[in-house]
Amino acid sequence: MLRKHLRMWLTLLLFVALLTSLLMLANVLEDSARFEHLYLTLLTMSSFGLLTIGILIVLNVHDLFRQVRKGRPGARLTARLVILFAILAITPVLVVFYFSLGFINQRLESWFDTQIEQALSSALQLSRAALDSNLRDALNKTRKIAGQLASLEDQLVVSELNAQRSQTNAAELLVFAPNRGEIIAISSDETGKLLPKRPDKTFKLRHQDYQVSLQPITGRGLFVQAIVRYQASARPDPTERFLVALFAVASEISTLANDVEHRTNNYQRLAYLHSSLKTSFSLVLSLVMLLTVLSATWAAFVAARQLVKPIRNLVEGTHAVADGNYDKQIPISHLDELGFLVESFNQMTRKIREARDSAYRSQRRADAQLTYLEIVLARMSSGVLSLDGEFCLRMSNEAAEHILGISLADLKGKPLMESCAEYVPLQTLCDVVAVHLRSEAADWQEQLTFFGVGGRKVLLCRGAKLPDLDGQGIGHLIVFDDITQLLQAQRDAAWGEVARRLAHEIKNPLTPIRLSAERLRHKYLATFPDKEAQTLDRMTHTIIQQVDSMKEMVNAFSEYARSPQIIMKPLFLDKIVNEVLDLYPSKVVQRQLETVQVEADAGRLRQVLHNVLKNALESNPIDPKITVSITTHEENTARFVELKIQDNGHGISEEMLGSIFEPYVTTKTKGTGLGLAIVKKIIEEHGGIIWMENNPDSGASVIIKLPVYR
Amino acid sequence: MRVFLLYFYLTMAFSAQVLAIENTSEGLFEIKSAKTYLQDHRYFLNIDVNYELSDESIRALKNGISLTLILQIDIVKERWYLWNEKIATSTYHYILRYHPLSNYYVVSQVNQNRTYVFANLSELLTTLGSFREIPLLEKSLLNEDQSYQVRLQTYLDIEALPPSLRTIAYFSREWRLISDVFNCALE
């Protein structure tokens with residue numbers, strides 16, 4: 001800022017100095033003796049000053065041109081304003097310059113007139129004619145004095161000179177010996193001061209014996225000098241003498257003649273100088289014009305820059321705002337319309353900045369809430385999926401991936417229904433969810449079962465519609481819980497309660513009933529007649545048998561309902577199967593076993609195998625053939641083992657296939673009907689799934705799917 | 001544009017004026033001889049100068065312009081290790097005027113109330129060119145072991161011309177009347 005002010009003041013100082021210099025130059029031309037000795041200095045200074053300003057302006061023009069080419073904000077407007085201002089300022093200057101130049105020429109020419117010149121010349125001639133009589137008179141006087149002196153001795157010449165000077169009113173009389181170069185005698189009213197040039201021995205007369213001329217003497221006026229040669233005849237050897245006489249011209253004539261000479265001189269001087277005067281005036285006028293033009297151009301630059309400055313600031317500010325810099329504030333230099341515009345711009349950027357900060361804070365809050373939500377969702381045991389209006393997956397949590405056993409990160413943004421085909425768990429989920437997503441119901445709930453990485457899973461799904469917040473349609477929220485363990489626990493608890501009640505309500509009375517029947521039999525069998533004894537024997541036997549049967553049934557049920565602690569350990573399934581199959585005749589059993597490791601309770605697994613093999617043997621009591629196979633499969637990310645036990649029995653009716661593993665569902669006349677229910681229970685406790693299907697040719701197959709140990 | 005054209009014309013006119021003097025006398029100032037001598041323990045100088053004015057300067061003189069001729073005399077001490085040292089300077093100004101009434105030429109020396117009148121210019125210039133008994137300085141002021149030189153130059157003083165004429169005179173050969181520097185030993 002200081003540098004800018006300094007530059008401005010220096011430029012202003014330069015202009016003032018130049019103007020002063022030009023004024024002094026003009027003053028010199030008006031014959032002012034004050035600055036006459038500075039003429040060359042002033043001329044040089046002015047020229048160099050103008051050259052400096054010219055160079056500065058050229059540099060400014062170059063700089064402006066460069067800015068225009070670079071597309072600097074406001075450069076084009078500045079250029080236009082500079083051109084406009086320059087034209088507006090320079091045009092009148094040029095007009096004034098043109099007419100001033102003409103005026104100067106006209107005025108200078110008008111000074112000189114041939115009539116005046118002629119008049120002055122005539123006056124000069126007249127003056128000369130008037131003086132010529134003085135010259136003749138002086139010559140006559142001098143000749144007369146010389147005649148008087150010719151007969152005198154040198155010693156007497158002085159007194160005669162004094163007398164003659166008084167008589168003739170001569171200013172000075174001098175007798176001079178030209179051969180010796182010495183003054184013989186002199187008579188003067190002011191000795192030694194008058195004669196401007198006294199003759200010496202080299203002096204020669206222009207005419208043969210006289211010379212007369214006008215002698216202007218500085219400070220004294222005009223004089224007539226007459227020199228006459230004469231022979232000093234009084235001497236024995238006549239010698240040549242010069243008489244030099246000086247006569248003052250009459251003061252009126254002298255004054256007038258001097259005046260005429262002075263004026264003629266002045267006129268001739270001016271006439272001689274008029275062409276150089278024209279040149280000098282034109283030069284000074286041109287310098288003034290140049291100064292004015294350059295000043296106007298410079299002022300145009302300054303004014304244009306001052307005018308454009310707020311606009312350029314506004315453009316730069318707009319660019320800054322466009323680039324996201326809302327902190328940009330433009331300084332207000334003037335309280336005019338542009339200042340109001342700048343203030344409005346500043347207000348706008350302030351408001352944009354406040355809005356941006358507010359949006360940023362809101363974003364931060366939203367991000368914090370999202371983070372909070374993600375943390376909450378991540379810690380939730382329920383799986384959560386959110387879909388947009390196009391059923392594309394928007395969000396999921398870790399629990400969802402854990403429950404479904406698949407990574408959902410790759411599915412984000414993709415339609416859920418299209419992704420379903422690739423993942424079995426998702427396919428099962430989609431089958432259930434699809435119906436509800438397309439329905440109008442706001443909330444829904446459904447339970448589903450699938451076999452995934454962790455084995456069989458039962459999910460409780462709940463869904464709700466989400467409001468359309470971001471214009472992407474009505475979204476959907478799906479929340480599902482893995483209730484496999486919960487169902488198992490509920491079932492165990494229910495069957496346990498039944499078993500406890502059976503034990504309490506049924507099993508407890510059985511012992512007294514059996515004991516009473518045995519006492520009756522023991523006490524009265526021997527005493528009763530044969531017929532009654534046989535009846536008693538049969539009845540008590542029936543009671544005891546039925547009580548035992550009921551006891552067995554209750555025990556079996558207790559066994560089913562009992563929930564012993566399962567001890568899961570990694571083991572080779574084929575080894576366990578071989579151990580169990582070795583207990584059965586080899587001709588009955590065929591095995592195709594792959595070696596595979598599962599995590600299971602070996603005892604419970606053997607119980608399952610025995611139950612299933614026993615059922616298979618009983619399905620064809622005459623010629624049983626059992627084929628046991630172990631195969632491993634992989635579906636997407638889930639790897640599981642499939643244990644298949646095929647028999648060659650009669651198979652199972654289609655209506656019983658769905659409920660064959662329910663308690664008290666059996667095709668046999670004997671048995672508790674809990675065998676397959678216990679098998680299913682154990683398999684589900686191992687995270688497996690079991691089902692039965694009829695073989696294509698004959699018999700049925702029990703298929704058990706267990707997750708492979710990882 | 002008109003301004004630049006005008007400037008161009010002025011420059012051309014000025015150049016033409018300068019070139020127009022090709023066939024006229026340009027004048028010549030030449031110091032032909034200079035001799036110092038010692039008299040009564042004081043050095044004096046006699047100089048013979050050939051003053052020949054240019055036609056333009058004579059025309060100016062006859063039109064009432066005074067011409068100032070300057071004779072500059074420098075006494076310098078010779079130094080082998082550096083440039084010579086100027087120890088004294090004398091400048092004589094002679095003003096030439098023309099009186100149209102008497103048709104005489106007058107020369108006067110500035111600061112001295114002495115005026116000489118001549119019937120013609122050549123007589124004036126011849127008389128003016130013979131400078132006699134110009135006092136220089138006392139011998140006692142000089143070092144005897146040191147050698148001294150008198151450096152002379154005479155020229156027409158352009159600065160004494162009317163200002164309007166100076167602009168042209170600065171650039172005109174006719175007005176640039178200056179002799180070469182003449183050196184003579186001070187002995």
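How many bridges join strand E6 (residues 383–387) of chain A to strand E7 (residues 393–396) of chain A? Three bridges join these strands, which run antiparallel.

## Basis of the model

This is a predicted model, in which local features need pLDDT of at least 70 and side-chain atom pairs count only at pLDDT 80 or more, whereas totals for chains, interfaces and linings use all residues. Residues are numbered from 1 along each chain as its sequence is written, and chains are lettered from A and ligands numbered from 1 in the order in which they are written.

## Hairpin of chain A

E6(A) and E7(A) form a hairpin with five residues between them. Leu387(A) has Leu393(A) in E7(A) as its bridge partner. In the turn, Phe391(A) has a positive phi of about 60°.

## Sheet of chain B

In chain B, three strands form an open antiparallel sheet in the order E1-E2-E7. Strands E1 (28–39) and E7 (130–138) of chain B each have a single partner strand, so one side of each is left without a neighbour in the sheet.

Five bridges pair strand E2 (residues 42–52) of chain B with E7(B) in the antiparallel sense. The bridge partner of Asp48(B) in E7(B) is Ser130(B).

## Contact between the chains

The contact takes 38 residues from chain A and 28 residues from chain B; two residues are in contact if their C-beta atoms, placed from the backbone, lie within 7 Å. On the side of chain B that touches chain A, the largest share, six residues, comes from H4(B).

Conventions:
Pairing = 2+ DSSP bridges. Helix = DSSP H or I, 4+ residues; strand = E, 2+ residues; numbered from the N terminus.
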